[in-house]
Amino acid sequence: MAHQWEPQQILEPPLALELIREQFPDLSPLKIRVLGAGWDNTAFMLDEDLIFRFPRREIAVPLLEAEWCILPQLAPRLPLPIPIPKWRGSPTLRFSWPFIGYKMLPGFTACYANLSEEEREALAQPIASFLSQLHAIPRSIISGCQILGDNQGRIDWKQLIPKVMKNIEELSLLNLFEKRHVLESLVASLQNLRPPITSVIVHGDFYVRHILVNETHHLAGVIDWGDIHLGDPAIDLAIAHSFLPLHAHTKFREAYGEISQDTWSLALLRAIYSSTLLVLYGHHSKDPVIFREGLRSLKIMVNI
């Protein structure tokens with residue numbers, strides 16, 4: 001079965017290093033290693049100091065271009081560090097897409113931290129405050145940047161529910177999740193919600209692998225902004241359902257500000273969809289960390 005995360009092109013570290021050296025001779029990198037491979041990009045670490053991201057699929061190209069344009073505008077307006085692209089590589093005969101590089105942010109992804117429920121609860125307020133400030137940034141600052149125009153299917157309940165049901169079916173066939181009927185009942189209750197809106201600047205892919213924490217497991221930064229767009233706040237608020245324990249939801253909502261019930265329900269549906277995808281992706285890609293996070297999220301949500 002083909003899956004949406006399968007790459008169109010895989011770049012090996014030696015070639016990535018050659019491309020970077022050719023286009024940015026002043027950097028003179030000595031060492032390179034794969035930092036991580038997501039659905040859209042492969043990230044390489046250079047000399048333990050710089051990160052360069054190369055597309056794995058053509059759809060990622062305009063996403064990288066959006067990051068290049070928007071992130072320098074966002075960075076001074078946010079309470080946490082975010083990547084600020086400094087180097088933009090051009091397509092060549094050996095790699096047909098552009099790529100970007102930036103200074104590495106300190107910290108490590110929250111999924112690898114394997115946080116306890118208490119540590120997750122402690123992050124409820126700072127995560128909510130970050131999203132509140134992001135969503136309050138004037139839309140005009142990205143008016144000169146090219147971003148994908150139609151992102152609202154990601155948070156449209158009419159489009160999400162069939163996708164979730166398909167994922168649940170695959171999870172059941174693979175024996176990856178036991179409470180299928182409970183999950184299906186929860187999804188069935190999330191219908192007739194409001195249509196998606198395009199009201200605020202959203203991260204667009206705000207989940208556990210894009211949250212950085214430090215050695216003491218405090219919030220340290222937010223990465224991978226390729227899905228940034230003008231959209232529905234629910235797409236980012238899904239993090240409350242997928243990442244936090246249930247008893248931290250009140251703290252999250254108080255720190256964020258007013259969230260309507262429809263928006264909260266849309267966020268829950270998006271979290272279910274994302275979490276089913278994470279379990280499937282973790283299983284097929286043999287990524288035990290992402291598999292663990294997705295499964296944890298589903299177990300939390302079916303106990304609502």
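**Strands, helices and one aspartate**

Guide: R88 stands opposite I100 in β5. This is a predicted model, where local features need pLDDT of at least 70, side-chain atom pairs count only at pLDDT 80 or more, and totals for chains, interfaces and linings use all residues. Residues are numbered from 1 along each chain as its sequence is written, and side-chain values use heavy atoms, with hydrogens and water left out.

Visitor: How many bridges join β4 to β5?

Guide: Three, and the two strands run antiparallel; β5 covers residues 99-103. Strands here are DSSP runs of E with at least two residues, helices are runs of H or I with at least four, and both are numbered from the N terminus. Two strands pair if DSSP finds at least two bridges between them.

Visitor: And how many bridges join β3 to β5?

Guide: Four, again with the strands antiparallel. Within β5, G101 is the bridge partner of F52.

Visitor: What is the strand order in the sheet?

Guide: β1-β2-β3-β5-β4, an open sheet of five strands with antiparallel pairing. β1 (32-37) and β4 (87-89) have a single partner strand each, so one side of each is left without a neighbour in the sheet. On average, neighbouring strands are turned by 25 degrees against each other, direction ignored.

Visitor: Which strands does α2 lie across?

Guide: Helix α2 (residues 60-74) lies across β2 (41-46), β3 (50-55), β4 and β5, and runs at about 145 degrees to β3. Axes are lines fitted to C-alpha atoms, for helices over the stretch in contact, and angles run from 0 to 180 degrees between N-to-C directions.

Visitor: Changing topic: where does D227 lie?

Guide: D227 is in the loop between β9 (219-222) and β10 (229-231). Its relative accessibility is 14%, so D227 counts as buried.

Visitor: What does D227 touch?

Guide: Leaving out residues up to four places away in sequence, D227 touches L63, R154, V202, H203, G204 and D205. Contact means heavy atoms within 4.5 Å. The side chains of D227 and R154 are joined by a polar contact of 3.1 Å. A polar contact is a pair of N or O atoms within 3.5 Å; within protein, one must be able to donate a hydrogen and the other to accept it, and residues adjacent in sequence count only if both atoms are side-chain atoms.

Definitions and conventions
Buried means under 20% relative accessible area, exposed over 50%, partly exposed in between (1.4 Å probe, protein chains only).
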